[in-house]
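Please read the numbered points beside the sequence and the model.

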Amino acid sequence: MDWCVLSLLLLMLGKHGLCQQEEVCSKSAITSCKDCITSGPFCSWCKELNFTKGGEQEAARCETRAKLMARGCKREEIISPQNTEEIKQQDPLSKSSGSTEPVQMTPQKIDLKLRPGLPHKFKVSFKRAEGYPVDLYYLMDLSYSMKDDLANVKRLGGNLFDALNKITKDAKIGFGAFVDKTVLPYTNTNEEKLKKPCDESETQCQAAFGYRHVLSMTPSRDVFRQKVAEQYISGNLDSPEGSLDAMMQAAVCGDKIGWRNSSTRLIVLATDAGFHMAGDGKLAGILEPNDELCHMTGNLYEKSNDMDYPSVGQLAMQLEKNNIQPIFAVTENVNNVYKELTKMIPKSVVGVLSSDSNNVVQLIESAYNNLTSKVTVTHDILPDNVRVEYLALCEHRINEGPNKGVCDQVQAEKEISFEVTVTVDKCMEEEKSFTISPLGIKDKLTVTISTNCECQCNDPEGSNHIHCNSTGSITCGICKCNQGFVGQFCNCAVGTKDESSLRATCRRQNGTECEGRGDCVCGACQCHTTEQGTSYHGKYCECDDEHCEKYDNKLCAGNGKCNCGQCRCDPGYQGSACQCKVSDEGCRTLDGSICYGRGNCECNQCKCKGGYQGPQCKDCSGCPSACLTKLSCISCLSLSKSKENCINVCNNTISEYKKVEKFNLQSKECHQKDSEGCWIKFKLEQLTGMDNYNAEILTKRECPEPPNVIAIIAGSLAAVAVIGILLLMLVKLLIHMKDLKEFKKFENEKKKSKWANADNPLFQNPTTTVANPLFTGE
């Protein structure tokens with residue numbers, strides 16, 4: 001069993017348990033006391049002179065208090081700011097509600113000065129005052145389906161007051177009613193239906209409306225009965241109602257409703273239907289979002305038809321802001337809907353109404369007890385980089401997450417406490433504040449936060465301290481050199497050189513000065529020692545001999561030495577961590593080579609080059625085909641009589657080649673076109689090495705005959721002529737067909753004509769007879 005588990009029995013013996021988390025200072029790039037205390041909540045700074053040795057980095061002054069004292073730093077020389085707390089106002093808790101405003105939570109104001117990352121805890125006490133005033137606003141759905149319920153509420157008004165008087169002697173009650181927006185599709189907009197939205201048989205029916213405030217808070221039961229008795233049922237079209245609209249106005253119109261500053265505020269929503277929410281207004285063309293402001297004129301919500309319904313989030317925020325706790329008195333058919341709603345609205349509860357609301361008094365009494373017996377403490381919007389957690393110190397604690405503390409079954413006048421833990425993650429330039437309060441209750445605790453990020457070192461005065469070679473001053477134990485001097489003890493005179501240029505020589509590629517592992521003294525790096533006692537080395541202190549690769553949890557496998565991050569192996573060993581003995585048995589190939597000359601043998605395994613694959617780098621599946629890469633060389637060799645003519649083309653990649661009538665090699669046959677367009681066949685045999693081949697080339701090439709130009713031209717001309725003749729014939733045929741069509745049309749018209757047999761009046765005889773007057777006929 002874990003030793004920490006066994007030691008849990010000893011936790012009650014002392015303040016600190018054996019399994020307590022060890023204080024750790026996680027530091028980086030520390031150059032001053034402020035850098036140190038802001039790097040972690042447990043980091044402390046030693047301001048003692050001569051605490052660091054010559055050449056040692058000043059970051060050694062930054063560690064946990066225990067480690068600094070172990071190194072010899074005196075307790076009074078250690079700077080470690082702690083959290084401070086100042087209670088500005090702490091009025092005592094009230095026993096009961098009297099003439100003065102009762103105090104139910106203490107303290108009321110507290111100032112915290114916190115160190116970043118260091119949690120601070122304080123306690124908040126709460127006690128519910130007996131007889132605390134109660135304001136109850138009864139918000140009723142007056143749609144037609146609630147007719148029986150309205151009758152019972154009129155009858156049970158007195159009983160409701162009796163139930164409130166059992167809770168407190170200082171109770172007030174108000175009344176409001178709602179239906180829905182008076183526009184389509186929620187309400188029939190016919191003029192007669194707007195005046196009387198109920199059934200024709202219903203004699204007492206009031207005009208359609210969205211939300212109406214009927215009665216402000218009053219302690220008089222008679223006034224309540226009278227106002228409720230004056231109410232009549234109304235109606236609308238759809239099932240969901242405008243209950244969120246009504247609750248929003250009841251929450252933000254405090255002056256109209258009559259909410260008191262010091263009271264438990266309750267809204268009882270009585271309905272048998274669901275609710276419209278943000279976005280539903282688009283059905284009626286209402287696009288303006290709800291502005292969460294009061295718009296009551298003459299006790300009516302005047303913006304009902306102009307603004308969309310509020311969202312659940314908007315309503316929850318306003319209810320919490322105004323310390324109002326809703327009680328949803330609903331019928332069984334919508335019980336689950338409102339149960340889901342209570343999960344999104346803090347300090348709300350659901351009760352099931354009977355079909356005629358006969359049990360409304362018992363329901364309100366039970367819901368009130370449930371609300372008041374559960375105390376939830378939380379905060380408003382927190383400043384940036386501030387975290388707050390709660391731990392309820394009570395018998396019936398409920399865990400609802402670290403952002404709130406919850407106690408259940410809390411009786412009146414029973415004091416309970418909450419442990420509040422506040423943590424600031426970063427330094428703050430100015431004071432910030434937030435409030436802590438119980439949900440539904442006016443009492444608040446204002447927490448003002450500032451950060452403690454400065455070192456109070458009480459440095460000796462003077463700019464020429466002897467510790468700094470009389471050329472600098474002391475700042476929290478380290479030297480701040482005067483102009484013209486640099487170094488750990490200001491013992492390096494810059495002279496004519498610029499200090500920045502001297503420091504630039506200590507930076508590699510404009511990086512960190514001496515890689516953060518040394519001090520730049522007069523333009524040269526003085527390297528620090530490592531945690532293991534060895535020294536950093538190199539021009540820029542970039543090397544150490546402790547961070548090489550390990551094998552079997554041994555540096556360089558114990559078979560070499562670490563030098564500047566790389567293993568230098570002993571004779572007979574190899575590998576990145578000297579983990580292998582020198583051997584090439586596993587890398588030997590059939591031809592006696594090592595990895596076929598295409599890789600290196602490391603740790604008795606081939607490390608292949610250029611895409612070749614193991615185990616012996618024989619094949620390269622991803623490489624281009626040699627048939628293509630060697631085509632130009634093979635083409636040149638097949639056409640040339642001497643190999644020397646193709647040296648530039650082949651680049652010494654073909655060791656030997658033969659022109660053969662028949663292949664002898666067993667490798668893959670290549671069939672490619674050469675530079676003259678002829679098909680050439682050849683085979684390649686890869687030899688040892690990256691790009692080394694033997695070749696066999698068939699002497700016979702397959703050269704296709706050139707095309708017959710004359711035949712192509714003659715054929716083209718003949719084809720053009722034939723096509724031209726065919727086109728002419730086609731045109732002639734089309735013209736002939738058109739003429740035939742016209743002639744047939746003429747013949748048809750001629751047959752249809754009905755000319756008379758008489759002479760044509762337009763006809764003139766072409767024959768003319770002339771008589772000679774001198775002719776006698778003889």
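This is a predicted model: local features need pLDDT of at least 70, side-chain atom pairs count only at pLDDT 80 or more; totals for chains, interfaces and linings use all residues.

1. A disulfide is here a pair of cysteine sulfur atoms within 2.5 Å. By that criterion the structure holds 26 disulfides. One of them joins C427 to C453, with an S to S distance of 2.0 Å. The torsion about the S-S bond of C427 and C453 is about -110°, so this disulfide is left-handed. The pair links distant parts of the chain, 26 residues apart: C427 lies in the loop between β20 (416–424) and β21 (432–438), and C453 in the loop between β22 (445–451) and β23 (472–475). Helices (H or I, at least four residues) and strands (E, at least two) are DSSP runs, numbered from the N terminus.

2. Residues are numbered from 1 along each chain as its sequence is written, and side-chain values use heavy atoms, with hydrogens and water left out.

3. Confidence is expressed as pLDDT, the predictor's confidence in each residue, from 0 to 100. The mean pLDDT of the chain is 85, and 93% of its residues reach 70 or more. Confidence is lowest in helix α1 (residues 3–6), with a mean of 37, and highest in helix α8 (residues 243–252), at 95. Over residues 1–20 the pLDDT is below 50, and beyond near neighbours in sequence this stretch has eight contacts in the model. Contact means heavy atoms within 4.5 Å.

4. How exposed or buried are the two cysteines of the pair in point 1? Buried means under 20% relative accessible area, exposed over 50%, and partly exposed in between (1.4 Å probe, protein chains only). C427, at 36% relative accessibility, counts as partly exposed, whereas C453, at 6%, counts as buried.

5. C514 lies in the loop between α13 (499–504) and β27 (518–521) and C525 in strand β28 (residues 524–527), so the pair ties together parts that are 11 residues apart in sequence. Both C514 and C525 are buried.

6. C548 and C562 also form a disulfide, with their sulfur atoms 2.0 Å apart. With 80° about the S-S bond, this link is right-handed. The pair connects distant parts of the chain, 14 residues apart, with C548 in the loop between β28 and β29 (550–551) and C562 in strand β31 (residues 560–563). C548 counts as buried at 10% relative accessibility, and C562 counts as buried at 11%.

7. Which residues of helix α4 (residues 147–155) are buried? They are D149, L150, N152 and V153. Seen down the axis of α4, the buried residues fall within an arc of 165°, so they line one face of the helix; the arc is that of the directions from the helix axis to the C-beta atoms. What covers them includes β8 (134–141), α5 (157–167), β9 (171–178) and α7 (221–229).

8. Seven of its eight residues are buried, so β9 is largely enclosed by the rest of the structure. Two strands pair if DSSP finds at least two bridges between them. β8 and β9 pair in the parallel sense over eight bridges, and V134 has A171 of β9 as its bridge partner. β9 is joined to strand β10 (residues 211–218) by five bridges, and these two run antiparallel; here F178 stands opposite Y211.

9. Four strands form an open sheet in the order β37-β40-β39-β38, with mixed pairing. β37 (654–660) and β38 (669–673) stand at the edges, each with a single partner strand, so one side of each is left without a neighbour in the sheet. Six bridges join β37 to the parallel strand β40 (residues 693–698), where K659 stands opposite I697.

10. Another open sheet of four strands has the order β5-β7-β20-β17, and its pairing is antiparallel. Its edges are β5 (105–106) and β17 (386–393), each with a single partner strand, so one side of each lacks a neighbour in the sheet. β5 and strand β7 (residues 120–126) run antiparallel and are joined by two bridges; M105 has F126 as its bridge partner in β7.
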